[in-house]
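Visitor: I am new to this structure and would like to know the grounds for each label. Please show it to me.

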Amino acid sequence: MAEIVIVPDAEAAGDLAARAIVALIERRGDAVLGLATGSTPLPVYRALAERAAGLDLARVRGFALDEYVGLDPAHPESYRSVIRREVIEPLGLTPELVRTPPADDPDLQTAGERYDAEIRAAGGVDVQLLGIGTDGHIGFNEPGSSFASRTRVKTLTRQTRADNARFFDDPEEVPRHCLTQGLGTILEARHLVLLAFGEGKAEAVRGAVEGPVTAMLPASAIQLHPHVTVLVDEAAASRLELAEYYRDTYAGKPAWQGI
Ligand code: F6R
């Protein structure tokens, strides 16, 4: 079972995840981070910038989960721009070592395959940060996605486009397609850290953690992974049937163990 940690707020979750990432980088200076975009991972990146202040991150590598198709890579909301602004610059990573899926590649048909090959050549992802969509997606693997899927082009659901409209001036500007790591790709990372905050995520979190494993709720794929940490605030945890058990388990865990 995944480890579920219910924290008071997003800052506490960010701090826990950042601590685990710092410990990883202290062990391996060329660690491979799986990077999510959107609002959810921002507290992790902020905490990481503080906690990693004395660390040399120049050899750390990174792979983003997804990228919009049909959006100019120079657009401020392209995930390439977001990763540069929120991750590479504040952490002082080496830009060439941090990749986003090449959604502007003229050969989109094979671009995903090449991205997966890059991840493999880097030795695979050590820690994969994940947010969760209100419709249960991880990456942009929308409901119905195969658990064996690899990085490929997907169509965003109306719900995801509406959820992401807040990042754009005009809701019509939200791209309809993306190039996203597949569920099969994501499941190959050695440690998955899924974060969720707020009431709006509570139902998706319940399904991911306690519901049946089903392509209708792609995040339920995390139940198939041997090392998963789910960091949720009280609101996102509010529909969890076993919340008391998760609290007892975490309270009894030795501090040195980490996540
Ligand atoms: C982003 C991604 C998505 C988001 C999800 C939640 O790279 O892969 O799965 O994590 O849409 O988005 P936020 O965090 O903005 O609520």
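Visitor: What share of the contacts in the chain with a separation of 6 or more comes from residues 24 or more positions apart?

Guide: The share is 78%, where a contact means heavy atoms within 4.5 Å. This is a predicted model, in which local features need pLDDT of at least 70 and side-chain atom pairs count only at pLDDT 80 or more, while totals for chains, interfaces and linings use all residues. Residues are numbered from 1 along each chain as its sequence is written, and side-chain values use heavy atoms, with hydrogens and water left out.

Visitor: How do you know whether the radius of gyration of the chain agrees with that of a compact globule?

Guide: The rule for a globule is 2.2 Å times the number of residues to the power 0.38, and the radius is taken over C-alpha atoms. For 259 residues a compact globule would come near 18 Å, and the chain has 17 Å, so the two agree. Along the principal axes, the C-alpha atoms fill a box of roughly 55 × 40 × 35 Å.

Visitor: Why is I21 called buried?

Guide: Buried means under 20% relative accessible area, exposed over 50%, and partly exposed in between, with a 1.4 Å probe and protein chains only. I21 has 3% relative accessibility, so I21 counts as buried. Buried residues make up 54% of the 259 residues in the chain.

Visitor: Where is I21 found, and what does I21 touch?

Guide: I21 is found in helix α1, residues 10-27; helices (H or I, at least four residues) and strands (E, at least two) are DSSP runs, numbered from the N terminus. Leaving out residues up to four places away in sequence, I21 touches L33, V44, L48, V127 and L129.

Visitor: How many aromatic pairs are there by the rule?

Guide: Rings of Phe, Tyr and Trp (its six-membered ring) pair if their centres lie within 6.5 Å; planes under 30 degrees apart count as stacked, over 60 as edge-to-face and the rest as tilted. By this rule there are six aromatic pairs.

Visitor: Why is the pair of Y68 and F140 called tilted?

Guide: The angle between the planes is 35°, with 5.9 Å centre to centre, so the pair is neither stacked nor edge-to-face. Y68 and F140 are buried.
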